[in-house]
Amino acid sequence: MKHDRGRDISRYSLYVCCISLLMMVTWGWGAVQDVQAAEISAPSSDSLLSPVVAASSIDLADVGVNILAGWLTGTTTAMEYSVDSTNGTNGTWVQAELMVTPVQWQPGYLYIREQADPSHFRLLAVIQLGRDGGYVFVDPTVTSVVPDQVDSSLTEPVIESADSADSTTTPSDNNTVNRPLVTIEPTTDHTTLSTSTIRINTPLAIQQLTADNNHRLMIPISNQEPLIQVPIEGSLLQALYEQNGSLMIVCPQVTYTLPIATLQQQQLIQSFTNPPSTVTPITFIINISTPSSSEIAPLQSIANQQGLTVIGSPVTIQLHAEYNGQTVAVNPQANDQSLEVTMSVPDTTSASAYPVTTAIVYHSDQTINPVPTVISSSADRQPSAHIHGWSNGIYALISHHQSFVDMNTHWSRTDVNDMASRLVVTGEKGGIFAPDRLVTRAEFAAMIVRALGLSAEPSKITFSDVHDSDWYAGVIGSASNHGLIEGYKDTTFRPNQQITREEASEILSHAMKLTGLRTDMTTNEANAQLNGFSDRKQVSNWAVPALALAVKYHIVEGAQGAINPQSDVSRGQATAMIRRLLQQSGWI
């Protein structure tokens with residue numbers, strides 16, 4: 001069973017498109033109403049799932065509209081829209097964008113159509129917009145006012161500011177929730193990197209964050225500037241902490257999702273000299289940018305050394321905070337929750353020759369590590385890579401395909417080749433993998449740390465037999481800090497001791513919590529998972545819950561009716577276990 005958050009990337013993409021926001025409703029039929037614009041209201045909920053246009057290739061139940069926030073969600077490039085004002089002047093058709101399409105709101109009619117074939121368009125929906133922000137769906141088959149001009153230059157929709165709106169409909173300063181969610185401020189300084197600063201309507205953002213069932217706030221950005229800056233005001237930051245919410249920044253080529261739990265609140269506050277008592281006076285800023293050639297050069301050098309091919313354009317994600325004239329770098333510090341990055345996969349001939357295998361993240365200390373990556377595609381959407389990461393840095397897609405001379409007929413060949421191509425496992429001298437060699441506790445820790453996309457780091461717990469000079473010190477530190485491993489009562493870790501199947505299952509059960517798999521299980525449920533094995537009594541009491549979970553998720557399987565809990569784990573078995581964990585979690 002795969003967990004609800006990540007098991008199906010296509011389902012995730014659908015969720016991104018249909019995320020519940022305040023005032024957002026699903027497309028559907030509304031009755032044909034002859035009403036004045038000021039009297040228009042939203043369609044009733046019993047019409048939301050009704051078909052809109054027969055034979056349409058687009059499922060409009062997946063498309064959402066938020067008039068006040070100024071966007072359509074769930075759109076595809078096969079769709080076009082037009083806004084026609086009530087003064088009788090027809091609008092022009094504008095191609096919709098993938099996932100999120102900002103739309104300039106004005107009283108009148110909003111038309112939606114799709115390209116049925118190369119020479120014909122099918123009108124999908126007509127929405128009558130009122131001055132009060134209400135709207136109603138109108139029957140497209142009886143509406144004659146249809147734009148007849150296509151303007152391909154209108155690819156950058158404008159979100160109208162409150163100051164430019166009609167004076168009879170412009171909300172007052174104390175009613176800012178009626179203004180657009182975002183406005184875009186491009187820089188006029190051409191001596192620096194072209195930048196767009198995204199100004200968020202904080203009252204509306206807090207309202208939408210609170211209304212969303214998952215407390216996720218989506219910020220759609222249509223601009224493709226080299227640098228996007230998203231300042232988060234302190235009151236919105238406080239609301240995110242109070243609701244344990246998350247931010248989703250949706251740009252044309254990348255989507256960045258940051259659970260606020262990845263930023264420890266007190267650590268953020270204490271990062272300043274003379275810190276405030278709360279986060280309210282702090283401005284938190286997310287920077288999403290295209291790295292310069294000089295910034296990419298060291299990453300490319302490492303990639304060349306390791307035989308990796310960088311695919312497409314990398315993206316840099318950096319966080320910082322400002323308070324009282326101070327600016328500090330902010331790094332995600334959560335031990336039990338990842339951030340998420342979705343990047344577009346280039347649809348080119350070279351990309352076909354070098355298909356994307358996984359993603360890597362390049363750190364400021366000039367190191368890289370792999371991050372779990374799912375590649376998804378569909379007929380009407382550009383392929384995308386969904387990544388689970390833990391840090392700031394430069395995220396890049398790579399192509400890397402690895403195989404070993406001793407794996408041609410081994411049962412774990414598929415598992416090993418895939419994990420090696422993802423940089424999770426490595427071979428030994430002579431181009432072999434040695435799948436039947438037994439694995440030590442340190443080696444298993446290194447494998448699970450790389451598989452989850454974690455970086456090596458100093459341990460917060462001191463193990464008497466792990467020293468800073470040991471090759472495994474950093475991975476054991478990371479595994480310990482993230483709750484994956486524990487030492488023995490005598491303060492040792494015993495890194496060179498071979499790991500048993502039940503010990504490996506214990507570590508994997510902790511990893512399940514990081515990947516979002518459900519780990520709650522009653523004693524009766526655990527026994528039900530294990531009682532079918534002939535050697536059930538050999539399972540240590542402390543290992544019963546973990547081994548039962550591993551069996552439940554098909555991560556550990558028996559052989560000839562036995563589970564072999566005390567048997568040591570081979571390299572091939574360890575690789576297969578870890579790959580199954582990632583697959584069950586929807587992380588690869």
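How many aromatic pairs does a search of the whole structure find? The search finds six. Rings of Phe, Tyr and Trp (its six-membered ring) pair if their centres lie within 6.5 Å; planes under 30 degrees apart are stacked, over 60 edge-to-face, and the rest tilted. This is a predicted model, where local features need pLDDT of at least 70, side-chain atom pairs count only at pLDDT 80 or more, and totals for chains, interfaces and linings use all residues. Residues are numbered from 1 along each chain as its sequence is written, and side-chain values use heavy atoms, with hydrogens and water left out.

**Overall fold**
- The protein chain has 13 helices and 24 strands. These are DSSP runs numbered from the N terminus (helices H or I, at least four residues; strands E, at least two).
- Of the 588 residues in the protein chain, 53% are buried. Buried means under 20% relative accessible area, exposed over 50%, partly exposed in between (1.4 Å probe, protein chains only).
- Among contacts with a separation of 6 or more, 71% join residues 24 or more positions apart. A contact means heavy atoms within 4.5 Å.

**Aromatic pairs**
- F272 and Y323 pair edge-to-face, at 5.5 Å centre to centre and 70 degrees between the planes.
- This pair links distant parts of the chain, 51 residues apart: F272 is in the loop between α4 (265-270) and β16 (283-289), Y323 in strand β17.
- F272 and Y323 are both buried.
- W471 and Y472 also form an edge-to-face pair, at 5.3 Å and 80 degrees.
- W471 is exposed, at 56% relative accessible area, whereas Y472 is buried, at 7%.

**Charges over rings**
- The charged end of R113 sits over the ring of W93, 4.0 Å from its centre. The criterion is NZ of Lys or CZ of Arg within 6 Å of the ring centre and within 35 degrees of the ring normal.
- R441 lies over the face of F493, 4.4 Å from the ring centre.

**Largest pocket**
- Its volume is about 1,200 Å³. A pocket is an open set of points on a 1 Å grid over the protein atoms alone, where a 1.4 Å probe fits, with protein on both sides within 12 Å along at least five of seven lines. Points are joined across faces, edges and corners, and the volume is the space filled by probe spheres set on them.
- The lining has 46 residues, and H363, T367, N369, S391 and S455 are the closest to the centre. Lining residues have an atom within 4 Å of a point.
- Elements supplying at least two lining residues each include α5 (293-305), β17 (309-323) and α8 (441-452).
- By class, the lining holds 18 nonpolar, 23 polar and five charged residues. Ala, Val, Leu, Ile, Met, Phe, Trp, Tyr, Cys and Pro count as nonpolar, Asp, Glu, Lys and Arg as charged, and the others, Gly among them, as polar.
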